[in-house]
Amino acid sequence: MLDLNYWEPGNLLEAVSLLSNLGEKARPLAGGTDLLVKMKKGPINWSGIVNLKGLPELKGINFEGQTMTIGALTPISALMANPWVGVHFPVLVEAARSLGTPQIRNLATVGGNLCNASPAADVALVLLIYEARLLIMGPKGPRKVPVQEFYAGPGQTVLEPGEILTAVEMDVPPLNSKGVFVKHGKRKSHEIALVNVAVLITPQPGTKQIARARIAVGAVASTQLRLQEAEESLSDTVVTVDALERAAELAEAAVNPIDDVRSTAGYRKQMVKVLTKRALQEAWGGEL
Ligand SMILES: Cc1cc2nc3c(=O)[nH]c(=O)nc-3n(C[C@H](O)[C@H](O)[C@H](O)COP(=O)(O)OP(=O)(O)OC[C@H]3O[C@@H](n4cnc5c(N)ncnc54)[C@H](O)[C@@H]3O)c2cc1C
């Protein structure tokens with residue numbers, strides 16, 4: 001039986017103040033689908049929980065102009081239920097659909113998926129291709145961090161003691177962009193990714209060229225990665241089978257997976273190449 005202290009702050013500033021004072025002794029709780037599993041598995045080095053669920057300012061999805069803001073406490077299932085998310089950020093909906101089960105998706109939050117910093121996280125991976133900005137509140141006030149600068153290692157983020165992720169914002173990509181999310185696991189559903197890949201390409205109108213490509217991969221390095229070299233190999237390039245193959249090879253070369261109980265490093269590396277090419281081909285859609 002764990003001997004834990006428990007707090008339910010009534011507003012964001014109270015939550016920040018509590019977490020700042022408690023430091024390493026406490027953790028914020030959102031949906032609990034990662035935190036409670038960790039606590040059950042143990043050992044843990046904290047003895048307090050600050051439950052964020054009572055903070056309405058951290059919930060909801062809003063559009064203002066070309067920018068969407070998702071509160072950190074928004075459940076994964078809300079991404080699937082909001083029709084505008086599906087219209088402007090369909091890859092996010094694909095990733096949400098692939099996460100856990102309906103029960104998990106109702107509890108699990110967008111902020112928890114990011115702050116848990118698992119290299120295999122599904123929704124967090126897609127935020128990389130949408131170039132999301134993370135809104136953080138802490139004892140020194142608010143700050144914004146691009147999602148690609150948020151991770152410090154497996155299970156680690158750049159959040160400082162007392163800081164809370166409050167929201168995620170991202171701009172609607174060009175209308176002709178097309179994205180794809182691919183998750184590879186041992187089972188079809190209810191599975192943590194062995195490898196996951198998200199791509200977003202923006203074709204050059206009226207040509208067979210890609211103006212811009214964004215590629216992100218997960219579960220193949222200590223943090224999720226944007227693959228800059230592979231992306232650059234495609235920009236302003238005529239799309240051919242060879243061009244996609246070259247980008248997929250660069251993706252494979254950029255990752256550094258490990259062997260673990262779920263897969264070997266070699267297999268994961270190979271799958272990065274296969275899945276990147278498949279995702280790019282599907283996103284391009286047209287003839288090659
Ligand atoms: C059965 C099962 C299946 C799963 N399947 C998948 C899957 O397919 N894909 C996938 O990506 N994940 C999966 N997960 C993992 C988990 O559901 C997700 O990572 C989820 O999004 C975590 O959100 P949460 O709200 O439950 O986070 P919590 O468990 O509440 O928190 C996770 C971590 O983030 C911190 N934290 C949470 N919110 C904040 C905040 N706003 N500010 C600062 N720190 C914060 C917590 O202190 C904790 O360290 C699964 C989990 C289970 C139990």
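How many residues surround the ligand, and which are the closest? In this predicted model, 30 residues surround the ligand, and the closest are Pro28, Thr33, Asp34, Leu35 and Thr109.

View 1. On its own, the ligand has 990 Å² of accessible area, and the protein covers 89% of that. Now look for β2 (26-29), α7 (110-115) and β10 (164-171), the elements that give two or more residues to the shell around the ligand.

**View 2. Two aromatic pairs turn up in a search of the whole structure.** Phe89 and Tyr130 make an edge-to-face pair, with 4.9 Å from centre to centre and 85 degrees between the planes. Phe89 sits in the loop between α4 (83-88) and α5 (90-98), while Tyr130 sits in the loop between α8 (122-129) and β6 (133-138), so this pair ties together parts that are 41 residues apart in sequence. Both of these residues, Phe89 and Tyr130, are buried. Next come Phe150 and Tyr151, which count as edge-to-face because their planes are at 70 degrees, with the ring centres 5.6 Å apart; the cut-off for this label is over 60 degrees. Phe150 and Tyr151 are both buried too.

**View 3. Gly10 meets residues from another part of the chain.** You can find Gly10 in the loop between β1 (5-7) and α1 (12-22). Leaving aside residues up to four places away in sequence, Gly10 touches Gly54 and Leu55. Along the chain, Gly10 and Leu55 are 45 residues apart, yet 6.5 Å separates their C-alpha atoms.

**View 4. Thr276 is a buried residue of helix α11.** This helix spans residues 265-284. Why does Thr276 count as buried? Its relative accessibility is 0%, and the cut-off for buried is under 20%. Beyond residues up to four places away in sequence, Thr276 touches Val197, Ile215, Val217, Ala248, Ala251 and Met271.

**View 5. The protein chain is assigned three stretches as domains.** Domain 1 covers 5-49, domain 2 covers 61-171 and domain 3 covers 178-284. Taken over C-alpha atoms, the centres of domain 1 and domain 3 are 35 Å apart.

Key
Residues numbered from 1 in each chain as written. Predicted model: local features only at pLDDT ≥ 70, side-chain atom pairs only at ≥ 80, totals over all residues. Heavy atoms only, no water. Helix = DSSP H or I, 4+ residues; strand = E, 2+ residues; numbered from the N terminus. Buried < 20%, exposed > 50% of the residue type's maximum accessible area, 1.4 Å probe, protein only. Contact = heavy atoms within 4.5 Å. Phe/Tyr/Trp six-rings, centres within 6.5 Å; stacked < 30°, edge-to-face > 60°. Domains from an automatic or database assignment. Near = heavy atom within 4 Å. Areas by Shrake-Rupley, 256 points an atom, 1.4 Å probe, with all protein chains shown as cover.
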